[in-house]
Amino acid sequence: MTEKDFIPKRYSESMEHGSVSWEAPSNIALVKYWGKKEHQIPANPSVSFTLKNCRTITRLDFSKKENQSDFDFEIYFEGNKKEDFKPKIKTFFERIVQYVPFLKEYKFEIHSENTFPHSSGIASSASGMSALALCVMSLEKKLNPEMREGFFRKKASFLARLGSGSACRSIEGDLVVWGKHQETRGSSDLFGIKYPDEVHENFKNYQDTILLVDKGTKEVSSSVGHNLMHNHPFAEARFAQAHENLAKLKPVFAEGDLEKFIEIVENEALTLHSMMMSSRPYFILMKPNTLEIINKIWSFRKRTELPVCFTLDAGANVHVLYPEKDKVKVLEFIKNELVAYCENGHYICDSVGDGALKLK
Ligand code: DP6
């Protein structure tokens with residue numbers, strides 16, 4: 001498929017006003033997206049677990065308007081009008097309008113809320129942009145009721161990507177690949193797909209406990225970080241490594257090999273941060289407590305031989321990943337040894353989930 005396949009030909013229906021709602025999850029990458037080309041095309045493929053509990057709920061109210069010269073929308077977050085969210089949404093609309101040309105024909109009200117605390121240092125762009133993209137697609141489906149379910153989801157992911165790259169991995173569950181990868185059937189730079197191959201029982205309902213080490217906003221945004229991969233001395237090697245790591249994960253997913261899983265996932269997390277540390281300008285998003293937690297996880301793993309590992313986002317928080325069967329023991333370890341390193345002792349218990357849901 002190409003971008004052109006997402007440009008609609010004509011709509012059979014018209015719609016004066018209405019409302020649509022979606023709930024979309026966050027996701028945590030195992031192989032990381034870091035570096036992009038024009039039009040939100042990733043520099044390398046990535047794969048993520050879709051989460052279950054960390055979600056954004058968005059309602060899009062729409063009514064037809066006279067003047068169609070510009071976008072007209074208001075955004076409310078947890079009940080409050082948010083002027084400061086508008087530029088990001090406007091950029092999103094500008095990027096997607098050629099694929100959903102009706103956007104300028106409506107006045108919109110966007111009402112959004114998260115199931116996780118806003119100031120948790122957890123990026124809501126993945127769940128937020130995917131929920132909004134799905135709402136826009138539900139409106140398009142009203143204008144073109146013939147649209148097939150498969151196309152609907154693909155295009156929702158395609159639009160979400162234009163809002164925030166990782167958001168395109170927040171439509172489907174439970175494992176999602178985004179970015180063209182030789183060994184992954186159906187993979188594309190344009191949208192995320194459900195991982196097409198075998199996944200072992202070990203990964204069913206995998207747990208992700210998110211340790212909130214630093215709830216503040218980060219000093220360097222992802223967009224800036226992605227850009228620093230241009231002319232990065234290790235960029236090409238890193239992009240090649242992501243392809244390799246994704247290929248190596250295939251037998252791991254199929255056979256449930258947790259030892260190899262841990263090696264690849266932790267290597268990806270540390271490589272992501274090493275790219276930041278070796279950018280020009282360089283920066284560090286980990287905090288002392290991030291490292292304390294990593295060391296504790298390593299000694300716990302050595303001591304107990306339980307398959308617990310960590311991954312990191314572009315921030316200081318630590319995602320602790322482990323199989324469901326070890327939940328009781330690992331949670332006890334987290335409470336006894338890791339919570340002390342969290343800001344105000346806060347953490348979020350999550351696990352792998354099934355993807356976005358349309359709300360009535
Ligand atoms: C480190 O998706 O937030 O979480 O496309 O600029 O919105 P933009 O970037 P974003 O980057 C996410 C980077 C990451 C890794 C990942 O999720 O794959």
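**Pockets, packing and backbone**

Tutor: Asp5, Phe6, Ile7, Pro8, Lys9, Arg10, Tyr11, Glu140, Asn144, Met147, Phe151 and Lys155 line the second largest pocket, where a pocket is an open set of points on a 1 Å grid over the protein atoms alone, with protein on both sides within 12 Å along at least five of seven lines, and lining residues have an atom within 4 Å of a point. This is a predicted model, in which local features need pLDDT of at least 70 and side-chain atom pairs count only at pLDDT 80 or more, while totals for chains, interfaces and linings use all residues. Residues are numbered from 1 along each chain as its sequence is written, and side-chain values use heavy atoms, with hydrogens and water left out.

Student: What volume does the second largest pocket have?

Tutor: A volume here is the space filled by probe spheres set on the grid points, which are joined across faces, edges and corners. For the second largest pocket it comes to about 170 Å³.

Student: Which residues line the largest cavity?

Tutor: A cavity is a set of points where a 1.4 Å probe fits but cannot get out, and a search of the whole structure finds one of 30 Å³ or more. About 40 Å³ of space lies in the largest cavity. Its lining consists of Phe49, Asp174, Leu175, Val199, Phe203, Lys204, Asn205 and Val352.

Student: Which peptide bond that involves Asp174 is cis?

Tutor: Most peptide bonds are trans. Asp174, which also lines the largest cavity, lies in the loop between helix H3 (149–163) and strand S8 (175–178), helices (H or I, at least four residues) and strands (E, at least two) being DSSP runs numbered from the N terminus. With omega near -25°, the cis bond is the one from Gly173 to Asp174.

Student: Why is H1 described as oblique to H2?

Tutor: Helix H1 (residues 86–96) and helix H2 (residues 125–143) pack with their axes 12 Å apart, at an angle of about 50°; axes are lines fitted to C-alpha atoms, for helices over the stretch in contact, and angles run from 0 to 180 degrees between N-to-C directions. Angles under 35 degrees count as roughly parallel, over 145 as roughly antiparallel, 65 to 115 as roughly perpendicular and the rest as oblique. The angle of about 50° therefore makes H1 oblique to H2.

Student: Which residue has a positive phi although it is not a glycine?

Tutor: Most residues other than glycine have a negative phi. In the loop between strand S5 (72–77) and strand S6 (80–81), a phi of about 50° belongs to Glu78.
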